[in-house]
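I opened this notebook to record what I looked up in one structure. The entries go from the sheets to a helix, and then to the side chains.

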Amino acid sequence: LEAKVSTLLERLNEPVSSGYESECCVYLEAWLASVTAHLTQGVVLLIDYGYTENVYYHPERSEGTLVCHYRHRAHFDPFVWPGLTDISAWVDFSALGRSADNIGLEVMGYTTQAEFVLAQGIHHDVMALTDENARLSALSELKRLTLPGEMGEKFKVMALARGDIPQLRGFSGSIE
């Protein structure tokens with residue numbers, strides 16, 4: 001852990017302040033290697049809450065991204081209701097990209113969920129629905145997936161590939 005934190009601190013643009021707290025996935029590379037061990041050719045799509053390193057470890061985020069959920073309510077103390085609380089943290093997508101490179105995966109793309117979902121053309125399918133109630137329901141769900149205040153900007157999508165894979169639709173940005 002100490003080596004991981006030292007390496008991270010060397011990469012950051014700004015020093016962290018005293019009392020700074022954050023999360024660091026020490027076994028990220030090992031996890032990714034095990035998940036993709038049998039992938040000889042194909043793509044892994046990873047979709048989750050997250051940031052790139054410069055945003056993840058920004059000085060304004062001095063209390064990290066750890067969040068707990070109990071009975072559909074968010075709280076920030078992982079020691080409350082042990083065994084009953086879902087504990088989560090956001091993903092450092094820069095670390096994920098470096099881990100992918102280290103184990104022989106190519107980062108084919110990184111983008112927001114909104115950009116990815118809309119690039120797939122799903123909005124055309126939704127508008128083509130002939131049943132008005134079904135179309136309105138699908139539009140409501142599409143908004144939840146794509147609006148910035150909902151899941152559209154909070155969730156990110158990263159495509160990792162092994163083998164000869166054509167360019168994927170929906171990825172225009174890079175990880176940094």
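The entries below concern a predicted model.

**Entry 1: the four-stranded sheet**

I began with the strand order. Four strands form an open sheet in the order E5-E1-E7-E6, and the pairing is mixed. At the edges I found strand E5 (91-92) and strand E6 (106-112); each has a single partner strand, so one side of each is left without a neighbour in the sheet. I then looked up how E1 and E7 are joined. Strand E1 (residues 42-51) and strand E7 (residues 155-162) run antiparallel and are joined by eight bridges.

**Entry 2: the three-stranded sheet**

I turned to the other sheet. It is open, with three strands in the order E3-E2-E4 and antiparallel pairing. Strand E3 (73-75) and strand E4 (86-88) stand at its edges with a single partner strand each, so one side of each has no neighbour in the sheet. Direction ignored, neighbouring strands of this sheet are turned by 30° against each other on average.

I checked the bridges of E2 on both sides. Strand E2 (residues 67-70) is joined to E3 by three bridges, and three bridges also join E2 to E4. Which residues face His69? In E3, His69 stands opposite Ala74; in E4, the bridge partner of His69 is Asp86. The hairpin of E2 and E3 has two residues between the strands, and Arg71 takes a positive phi near 50° there.

**Entry 3: helix H4**

I asked how many of the ten residues of H4 are buried. The count is seven, and the helix is mostly covered. The buried residues are Phe93, Ser94, Ala95, Leu96, Gly97, Ser99 and Ala100. Their cover includes helix H2 (28-35), helix H3 (53-56) and the strands E1, E5, E6 and E7.

I inspected both ends of the helix. At the start of H4, a side-chain oxygen of Asp92 comes to within 3.1 Å of the backbone nitrogen of Ser94. Just after H4, Gly104 takes a positive phi of about 85°.

**Entry 4: the nonpolar core**

I looked up the largest nonpolar core, which has 13 residues. Leu32, Leu96, Leu105, Met158 and Leu160 have the most contacts inside this core. At least two residues of the core come from each of H2, E1, H4 and E7. Which element gives the most to this core? Helix H4 does, with four residues.

**Entry 5: aromatic residues**

I searched the whole structure for aromatic pairs and found eight. I examined the pair of Tyr51 and Trp90, which is stacked, with 4.7 Å centre to centre and 20° between the planes. Tyr51 lies in strand E1 and Trp90 in the loop between E4 and E5, so this pair ties together parts that are 39 residues apart in sequence.

Is Tyr51 buried or exposed? Its relative accessible area is 18%, and buried means under 20%, so Tyr51 is buried.

Definitions and conventions. Residues are numbered from 1 along each chain as its sequence is written. This is a predicted model: local features need pLDDT of at least 70, side-chain atom pairs count only at pLDDT 80 or more; totals for chains, interfaces and linings use all residues. Side-chain values use heavy atoms; hydrogens and water are left out. Two strands pair if DSSP finds at least two bridges between them. Axes are lines fitted to C-alpha atoms, for helices over the stretch in contact, and angles run from 0 to 180 degrees between N-to-C directions. Buried means under 20% relative accessible area, exposed over 50%, partly exposed in between (1.4 Å probe, protein chains only). Contact means heavy atoms within 4.5 Å. A polar contact is a pair of N or O atoms within 3.5 Å; within protein, one must be able to donate a hydrogen and the other to accept it, and residues adjacent in sequence count only if both atoms are side-chain atoms. A nonpolar core is a set of buried Ala, Val, Leu, Ile, Met, Phe, Trp, Tyr and Cys residues joined through side-chain atoms within 4.5 Å. Rings of Phe, Tyr and Trp (its six-membered ring) pair if their centres lie within 6.5 Å; planes under 30 degrees apart count as stacked, over 60 as edge-to-face and the rest as tilted.
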